[in-house]
Amino acid sequence: MDKCIIKNKSLAGIIFLSAAIFLTACSVDKRVSGAVEKRIRQSKILSRHYVGVALYSMESKRLVLDHNADKYFTPASNTKLFTFYAGLKMIPDRMPSLRYIEKGDSLIFWGTGDPSLLQTKLKGNAVYDFLKQSNKQLFFAAGRYTGNFYGGGWQWDDYNDYYQAEINELPIMDNLVNVSNKNGQTAALPRLFKDSLRTDSSMRDTAYRIRRDFNGNVFRHPPLAVPLGYDEQVPYKVSTAITIALLADTLKKNVNSITMAMPAEAKTLFGLKTDSVLKEMMLPSDNFIAEQLLLVYSDRLGQELNAVKAIEHIKKNYLSALPDGPRWADGSGLSRYNLFTPRDIIKLLELIDTEVHDQQRLFSLLPAGGKTGTLKKAYPKTDQPFVFGKTGSLSNVYNQSGYILTKKGRKYIFSFMNNNFVDATADVRKAMAEIVTYIHEKY
């Protein structure tokens, strides 16, 4: 009898304590909501354009601030959060880097879209080593990729800029040509493009720059001396012929082309750990990696490499819990066809938090305010960052979405989206960072 009374008292105490914690959390939620709303309205910068803010308390498990949170915004590179989550779900261990069969004295291989092959930072060597060490005749079978060399809604006049590398099934070296000063001469890497550099006297530029022909791999520069320390990356025009030539030049052995559908029994060569690839996409906001990853996800679904079909699969199988549903067009956020709501991004970040489990691991994969990645300069320099997430910027667009840790030990998920502004991006970023910092300091 006494034991039952003790148990009942203990249960009552637990209920009372839980209720007190919940009421305290609700009180805090109400205060933070009102304070942030007030700061948005009073901001000379934020009050001038279209703003959406959603703030979710991990303590009370509810949306505590809804400022246009159900309205659609251009996400820019916040799109990479969706690509990131899909990678966690579909490629939990290592990147599938190549599909292949061995037939007699031949090794026939197909691309998977894996972006890591000799990529500048990742330096994936699995495919290179595998093909280099093979004593068989090499045959590349193209044709798995059924999309275009650009994503839907990309701006064609950005074709010459490093951040808009073309998409293909077997990318090599970032799909970029690196042009630099080597002993006072213009040098190209991959070396295959050395003879594609042209001095063009019709270019009246006062500064040295590289301009690729839109439809081909001719890289022009003005008749100026290459500056000391010059270094520029320009996308090359992809094709099956270029892929084979690059492979042959890099491997120092013959690579042939063959027309052949990939059989169901094709083996998979695995490469880098998924976390390392996702991290390299997220911290510097690498568009090339993001786009190629959609093809890697598509490889897991069957024969065809198709970003649109990969997105539809991800939405249907992993994103049904999102309250509004995204209009999702590409992997990187270059497309202005993308439209997401702040509260959809909040739910996505909650799903990511649940999927990863380990907060230390998750935060290591994301830019950290004042310390790493695209958030490094958005907040004061620190060794103890309090905001982890993803930026997103295009002309007249600047967003941040992620996690806020407060001085009082609370954790919030936030999505702060700014569209259609005419002020300087730096001013919008500063106004937003002040509010995020305020949440960290006060709550």
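**Figure 1. The largest pocket has a volume of about 930 Å³.** This is a predicted model, in which local features need pLDDT of at least 70 and side-chain atom pairs count only at pLDDT 80 or more, while totals for chains, interfaces and linings use all residues. Residues are numbered from 1 along each chain as its sequence is written, and side-chain values use heavy atoms, with hydrogens and water left out. A pocket is an open set of points on a 1 Å grid over the protein atoms alone, with protein on both sides within 12 Å along at least five of seven lines. Lining residues have an atom within 4 Å of a point. Grid points are joined across faces, edges and corners, and a volume is the space filled by probe spheres set on the points. The lining of the largest pocket holds 41 residues. Nearest its centre lie Tyr162, Tyr163, Pro284, Ser285 and Asn287. At least two lining residues each come from α6, β14 (387–394), β15 (397–405) and α10 (425–442). β14 supplies the largest share, five residues. Helices (H or I, at least four residues) and strands (E, at least two) are DSSP runs, numbered from the N terminus. By class, the lining has 13 nonpolar, 17 polar and 11 charged residues. Ala, Val, Leu, Ile, Met, Phe, Trp, Tyr, Cys and Pro count as nonpolar; Asp, Glu, Lys and Arg as charged; the others, Gly among them, as polar.

Figure 2. A cavity is a set of grid points where a 1.4 Å probe fits but cannot get out. Two cavities of 30 Å³ or more are counted. The largest cavity is lined by Leu117, Leu118, Val127, Tyr128, Ile172, Leu246, Leu247, Thr250 and Leu251. Two or more of these residues come from each of α3 (126–133) and α4 (240–251). α4 gives the largest share, four residues. Eight lining residues are nonpolar, one is polar and none is charged.

**Figure 3. The second largest cavity has a volume of about 40 Å³.** Its lining consists of Val36, Val53, Leu55, Leu65, Phe414, Phe416, Ile435, Val436 and Ile439. β1 (50–57), β16 (411–419) and α10 each give two or more residues. α10 gives the most, with three residues. The lining has nine nonpolar residues, no polar and no charged ones.

**Figure 4. Helices α5 (residues 274–282) and α6 (residues 287–299) pack at about 145°.** Their axes are 9 Å apart. Axes are lines fitted to C-alpha atoms, for helices over the stretch in contact, and angles run from 0 to 180 degrees between N-to-C directions. From α5, Val277, Leu278, Glu280 and Met281 make the contact (heavy atoms within 4.5 Å). From α6 come Ile289, Ala290, Leu293 and Tyr297. Seven of the contact residues are nonpolar, none is polar and one is charged.

**Figure 5. Helix α2 (residues 80–90) is mostly covered.**

**Figure 6. Strands β8, β10 and β9 form an open sheet in the order β8-β10-β9.** The pairing is mixed. Two strands pair if DSSP finds at least two bridges between them. β8 (197–199) and β9 (211–212) are the edge strands, each pairing on one side only. β8 pairs with β10 (residues 219–221) in the parallel sense, over three bridges. Arg198 stands opposite Arg220 in β10.

Methods:
Buried means under 20% relative accessible area, exposed over 50%, partly exposed in between (1.4 Å probe, protein chains only).
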